[in-house]
Amino acid sequence: MERHDAIVIGAGLNGLVAAACLARAGLSVLVLDRASAPGGIACEHEVAPGYRLPRFTLGSGGLPPRIVADLDLPRHGLRFIRAEGGVTCFPGGEYHASYRDGVVQRREIARFSRVDADAFTRYRRDMLRAARVLAPLLAGPARPRRKGLFAGLRARLAKADRISAMAPADLHGLLRLATLPASEFLDSYFESPHVKAHLAAAAMMGATLGPCSPTSAARLVLPWLETAGDAMGGAPETLMPVGGPAALVSALRSVILAAGGQLRMEAEVTDIRIKDRKVQGVVLANGEEIGADAVFSGLDVKRSFLSLFQWKDLPEGLVERVGRVCMRGVAAKLNIALDAAPDFPGLPEGCPSLGGGLRLAAEIPAMQRAYDDWRARIPPRNPLIDVFIPSFLDPSLAPQGGHVLSALVQYVPDVLHEGPWSAERRKALGDLVMTRLAEVSPGMEKHVVAFEVLLPDDIENEIGLTGGDFSYGATTLDQLFFNRPFPGTGGAETPLRNFYLCSPSAHPGPLVMGGAGANAAAALLAAKRKEART
Amino acid sequence: MSWDSEGFDAIVVGGGHNGLVAAARLAGEGKRVLVAEAGPRAGGAAVTSEITPGYSVSAVAHLLEGFPRRIERKLKLARHGLRYAVRNVATVALDRDGKHLLLPRTRKEFAVFREALPKDAEAYREYVAHRRALAGLVAPLLGERPPELADPDALRRFLRRSVWRAMLKGRGTMQNLLRTLPESIGDRLDAEFESPLLKGALAFDATLGGGEGPYAPGTSFRAVLREAMRLQGQGACLPAGGMGALADALVAAIAASGGKIHLDTEVSRILVEEGRVNGIVLSGGVEIRAPLVLSAISPGVTMLELVGAHHVETDDIRELRNFSPRGTAAKINLALDRLPQFTGLAPELHGARLLIAPSLAELDETSHAAQNGDLPLEPVMELLLPSFADPSLAPEGQHVISIIVHNIPHEIEGGWETHREALVQRVIRTLGGYAPEIADAMIAGEILMPHDIERKYGLAGGDWHQGDIRLDGLLVSRPAPGYSRYETPLPGLWLCGAGSHPGGGVTGLPGWVAAGAALERGDA
Amino acid sequence: MTPDTAHPDETAQEQVDLDNEQAAVDPALFEKQPVEPPFARTVHTTPLHLLISAESRTNRWTEWNGYTVPDVLTDLGDEYRALRGAAVLADHSPLVKTRISGRDATDYLQRLVTRDLSSLAVHAAIPVIFCEGAGLVLGDGILFRLGDEEYRLVTEETHLAWMTESALGFRVRIEDVSATLAMLSLQGPLSAACLRDAGVKDIESLAPFAACWADIGGMPVYVSRTGASGDLGYELWADVEDAPHLWRRLMSKGMSHGLRPAGFALRELARLEAALPRAGRDYLSAFAAVMSGDAATPFELWSAPAISLNKPVFNGGRALRRLADKPPRRRLVALVAEALEPVALSTVLSGTRPVGTATTAGFSPALGANIALALVETSALDGSLSLTGRRREGLSTQELVLPARIMEEPAWKMARGSAFPAALGL
C-alpha cells in the first residue's frame, strides 16, 4: 500500500500552504483533490474563451508576508503589488475612496467633513493598536496544546496579569471594539454618513452580521491587520498577488513539487480509515487505499467530519457539536466578461484607489436593512456589492481590450423564505446587480460577453462547501479563536489523533489567508518534535 | 422654607428606588440626608399609581426580581411595611392554541413539563443548570464595587480572583463563559430546543429591555446576567400593594432615621466651587449645601446638564455620551371589571407572569420592526394580573392587568401621539387571541411610551435597564471609565443610579454599593 | 476689519447663533471642495509661493503640513548669519490657525489648555499645551487673545476634531482660518528696525508676547512679538491677498538692514538652537501615536511645562495631577556632541545601552557643534551619555559614537529676545 507521512485532502489555498510547509520540512506529502486542477474555491475559470478569473472568490487577497517568506514564494515566481484600499460608490453618484498616502487620505475625507479628516488620525491609531493586539492572536494557534489543571490555571492567571498591565484606555477601547456594533463605534469618530458607510462596507464583506449588530465593530480592524508599517499615514493597503489567486496556487504547487511533495488531481477521498481513534489513511473513490501518518483536511468542518468518517468511529457528541457549527452562505458570486474597458464617469480619472476594488454600498441603515433581509431570507433588494476587476492589474486575463469583472454580492440567503432559488429569482438578482453596475458604469451592459451568477447553493454543489459559506463557518466571536470551529478547540488538532483541520473552519478562519494551513502544518511538526524528544 | 439652616451631610438627587436605598443607607449610619425628587412622589420605576379611582397598579416595573435580601434586612424594610403578596412568581409562556407552558420551578412542575415537551425536558434541565452555573460566577460581581481600571494592581487582583472563582466552579466554566459572552440566545436555543414556545419564552427574558433581537450576538450572556440578578434577590416577587410598597417602605426607613425627602423639588444645577461639589441649586434658585451629593439620575444628565461641561473633561463627555439609554418597551395598565379568562390556562396560574412570545421568529420580527421605526403587528409582551394575588389593588371581583410591551420603536415617524392608539389596538387584539373577553372587560387604561416613562417617572430615555446590558456597559465601563466606581472625578459628587454598576432593574444595588463606598471614603 | 474676518466668503455668510448650546463650526469650511480629486495634485502652495520661489537659488523644497515650501532659498549658512546678525523673513503660512470666539470662548479654552489663562490680556499671546484624558500631549501652540471673546490658537498640526468635540456644551464657535490668514515671520536682532522702516510706529514698545494692529503700506497687519528663534522676532498676520504686498514691502524696506528671505530649514535650525520641541517631529500627538511610546506627557517634553494644576478642571488635569508627583520616565533634553563637522545623529547611548532617540539634530553654527533634541530615559540622565552618528564621505559611511553632554541652556538664547523696549539696532 502506498504510504506517506502526510496526506492533505483538498488542494485549496490552505491545503496547499499546509502541504508546502510540510514538504519543506522534509515530510513526504500527498495532496489529493477531486477537481481536475488545484485551487479549491480559488481555482481559475474561463467564463468565456480567453476570459479568465477566479470562479468563486473575488481574488483580491494575498498571503501574509510571514507565510510568503517562510515558503520562499518569490523564488517560485510569485510577485505582489500593493493596492490602495478601494472605492465605495453610493447611490446618487457620490463616491469615497481610500488612499495609502496620509495627506491624500485627509483631503479625500475633507471632501465630506474637515472634522472627520482630522478624526481619522485617531481612528487610524485605534485601529492599528487593536491590530497589534489581534495580529499575534491570529498568527498561531488560539490556545496551546491541552495542559494539566494547574498549568492551565497558571496560564490563565498569567493572562489576567497581562491584561491588567495594559493601558486603561487601550483596554476600554478593546472592550468597546469587541462588543459594539460597527455603526455605534464609527459614530464615536465620524459624522459623515459616507465616511462611516465606506469603512463599514469594507469590513462587512463575508460577515453574517450587519453593521448595526453588536460585536460587528471588531470587523473594522480586519483591513488593518496586514498593514505592517504606518509609513504612509493613510488608509490600509492590500497586498495582492500579481496574476491573482491562480498565481498563488501555481507558486504553492511549485513549492510542493520542488520539495518532493506530490499532487494528485481527480482523486476523491471518500473515507478515512480510523483505528483506536487514530487516523490511519484514506480511501479513494476508486477503492484505492493510501496510508498516512497524518491526514489533513482542507474541507470545511462539517464535510470533514460528517462525510469522511463513519459516524460510529467519531467520539461521543462530536457529530452534534459539528452539526451545531453555524455555516450559512451570505454571498453570491457573479463572473462577467466584458469586451471593452468599463468606464466610471463618476470617479475621477485615473483614481489609483480603484485598483483596490470597487464597492457599491448604501449608507449604514440601508446596509443593516439588507442584512435584516438576509436574516429573513428575502431576496436582496439593496445588496452590498464588492467588485474587482483583475484585468486592470493583469491584462493577460482577457483577450486584447477585454476585461473580466468579479462581483461578490453580500447578503444573499442560501435558501429563500419561499423555498429554493427559482430561475426567475436568480435572473432578477443578476439583473439587479447589472443595473447597479450600469449606474456607476453606464453602458456596461452593452459590453457583456458572458455573465454567470453563482448562488450559495451552486457553490455548495460545485465545490462542496457547506452552505456555500466562503468563511467556512460564521465569523462571529462565538465561533472564532478558542471557539473555532467549536468550543474547546482553537487549533488544527481535532479530537481524533493524527487528523488535522487545515481549512479556514479552524482558527484563524478566513481572517488570515493561509493561516489555517500554516497552523495545521506547524501543529504536526511540533508534535513530531515532541515525539522525537521523548 | 429655611433650607440652609438644616445643615445636611449628604444630598441625594433623584428619589428613584436607588436614590432611596442610598439615602436610607446613609441615614441609617446617622447621616443627615436630604432626597430631592423632582416628581410628586418617590420611587422612580417602583411606584403604584391609580389607573382610575379604585384601581391601582404598579405603574412601571411590576415585579421585584433582583432586590437583594441583604438590603431588605439591613434596611429593615419588613418592619417599615414591605410585605409580599406572592414570592417566586411562576412564569407561563402563553400558547395561541391554549397549550400553555409553565416553566418549572419544582420537581412536580418539571414532571408536567416533561410530559408536555418530552424532547426538550432534559435539554431544559441542562440549560438551566448551565445558566445557573455561569450566573453563580457573575452574581458576586453585581454586588461589589468594580475595580479601578487605571489601577493595574486592583485590576490584576480582580481578574485573578475571577479566574479562581471560575476554577472552583469546575473546569469547563471559564470555557463556557467565554463561549457564552459573544453568543446569540437565538442560535443557542435553536441548537438545543425544539419547542418554539419554550425558545420564545427563554429568549424573551434575554432580550427584554434591549433593542436587539434574539439573534444579536451577546444576548445569550444577558440571560445569564438576568439569572444572576434573580440570584441576588429571591426570585420574582410581588409586593403587596404593588411596587409602590417598596418605595413606601424605603421612605419610611429614611424618615425613621431622620432623613428628609422633598418632593416636587427640581434640582437645576449641582453647585461646583473651586473644583469640588458643595451642594445643589434648586430651580427656584435656592442653594442647599452639603459636602456630599449623590446623583441617582442618569450619569449623562448629572454631568452634562447639572454639573455642566465646563467641569468635565472632553474624554469623559465623549464616553458619557456613548452611554445613552433608549427605551424600547411600553407599559399598558388596564382596569378590568372581571377576571379575564385565558383560554386553556389553569385558574391558579392566572396570577403568574404570562409571556406572549410565541417563537423566536416573532421576537426577531418585532425587534426588526422596532429598529426600523415600525409598530409590531403582533406585539410580544409580558402580562401580570397583580390583583389576582393582591385583591387590595382593585374593587372586589374586579382586576387590573399590567402589560409590558416589548420591542417597540424608541421614536416613531410623526411622533407617538398619532400611533399610541394603534399600539393599544394591536395589543388588545393580540391579547384577545388568548383571553377573548378582555376587550369587553376593559373599563379604563393608560399607556406609557418610553418618553412618557422618562417624563413621568424620570427614567432617562425611558429605558428600564438604563442602557443595553452589554459587556461594554458593565463593571469598569459603566457608565464610563473613570466613573465606574460611583465616585466621579469631581470631589464630593457620587453616582448612585441605575446608570452605574450593576445597572437597571429594581435591585437597589447601585444605590446600596455607592452609599457604602461613599461612607467608606468618609466623604459623608 | 480684522484679517480674520476680512475674507469676503466669511463676511457674507450667515452668523451662527451663539445662544445655541451646540458647538458651531463655520459652515463655509464644509463646502464641497473643488472638483479636483485629492490624489491629482500633490503640490499645494501658500499664497506667497510664486513670490518666494523667485528667490530660490537652490531649488530645494520640502513639505510642511501638506504645503510645498522652500527648504533653503540661497544657502543655509548665509540665511543663518542673517538670522543671528541681522534679520530674516520667512513664510509660515502653513501653520494651523484656529479662531475661537463666542461668549464661552474663555471658559472653553480654560478647559482645553493646561495653563491658566485668566491673566491673558487682550492683544497678548501665551504658549499653551493641550492634552487628552490620559495626560498625553495632543499639541502645543501659541494662543493669542484678539478680543474679549475672541482668540486665535496657532498650532503645528490641525486639531479641529478635538476642538470641535471639546466645544460641546459651550457657546463657542471654532473656525479653521488657516487658509484665509497668512503669516510672515520676521526674526533676528534687526527685525524691529526693519518693521520701523516699513512703517510700524513705536515698534520698540511692543513687549514680548504682546501684539498690536499696525498699518503697513495701507494694509492692516496684526503684529505680534513672537517666534521660535530664541532671539528678538515678530510675526505678522495678514490677509492672504495682502501677504505678497506685505512681503515685498518688508523686503525692500529691510534691505538696508541686511534682511534676507529664509526657508524651512532655518526655522528648524533656529528652533533646535532654542531647544523648542515641535509636534510631529519631537513628539507625536497622542491621537497619531500608534506606539504608545511615541506620545509624551508635558513633563517629559518640557522641564517646567505650562500647567496650572490648581486650575479645577481641564482636559488631562486628572491624569496630570497623578503624573506630577512622579518623576517622568523620559525627558526631552538638548544634547551637544563634540564634532567639528555635521554628523547625522540618531541614538542616545548610556555606555552601550540605547536610552533614547535624537528626534531633531543638526549642526549648530553658534556652538560649532552637533546638537540634538532627544527623548532620554530619566535614569540615564545622570550618567555619561553618547550619541551614535553617521558621517558620509564619498560612498562610504562612517559610524561614529560621539561623547555627548546635556546642555543646561539652549544653544541660542539672547537677552534681547525678551528685552523691553526692544532694541532697534545691534
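Modeller: Two residues are in contact if their C-beta atoms, placed from the backbone, lie within 7 Å. The model is predicted, with local features needing pLDDT of at least 70 and side-chain atom pairs pLDDT 80 or more, while totals for chains, interfaces and linings use all residues. Residues are numbered from 1 along each chain as its sequence is written, and chains are lettered from A and ligands numbered from 1 in the order written.

By that criterion, 30 residues of chain A are in contact with 30 residues of chain B. On the chain A side, helix 5 (149-164), helix 6 (168-179) and helix 12 (364-375) each give two or more residues; helices (H or I, at least four residues) and strands (E, at least two) are DSSP runs, numbered from the N terminus. Helix 5 of chain A gives the most, 7 residues. By class, this side of chain A has 14 nonpolar, 9 polar and 7 charged residues (nonpolar: Ala, Val, Leu, Ile, Met, Phe, Trp, Tyr, Cys, Pro; charged: Asp, Glu, Lys, Arg; polar: the others, Gly among them).

The part to examine closely is helix 10 of chain B, residues 244-256. Because 10 of the 13 residues are buried, helix 10 of chain B is largely enclosed by the rest of the structure; buried means 20 or more other C-beta atoms within 10 Å of the residue's own, exposed 12 or fewer, partly exposed in between.

Among the buried residues of helix 10 of chain B are B:Leu246, B:Asp248, B:Leu250, B:Val251 and B:Ile254. The buried residues of this helix pack against helix 1 (17-28) of chain B, and also against strand 2 (33-36), strand 3 (48-52), strand 4 (55-58), strand 8 (238-239) and strand 9 (260-262) of chain B. After helix 10 of chain B comes B:Gly258, with a positive phi near 90 degrees.

Leaving aside residues up to four places away in sequence, C:Asp116 touches C:Ser308 and C:Lys311. Between C:Asp116 and C:Asp325 there are 20 Å in space, C-alpha to C-alpha, and the two are 209 residues apart in sequence.

How values were computed:
Expected span 1.5 Å × (residues − 1).
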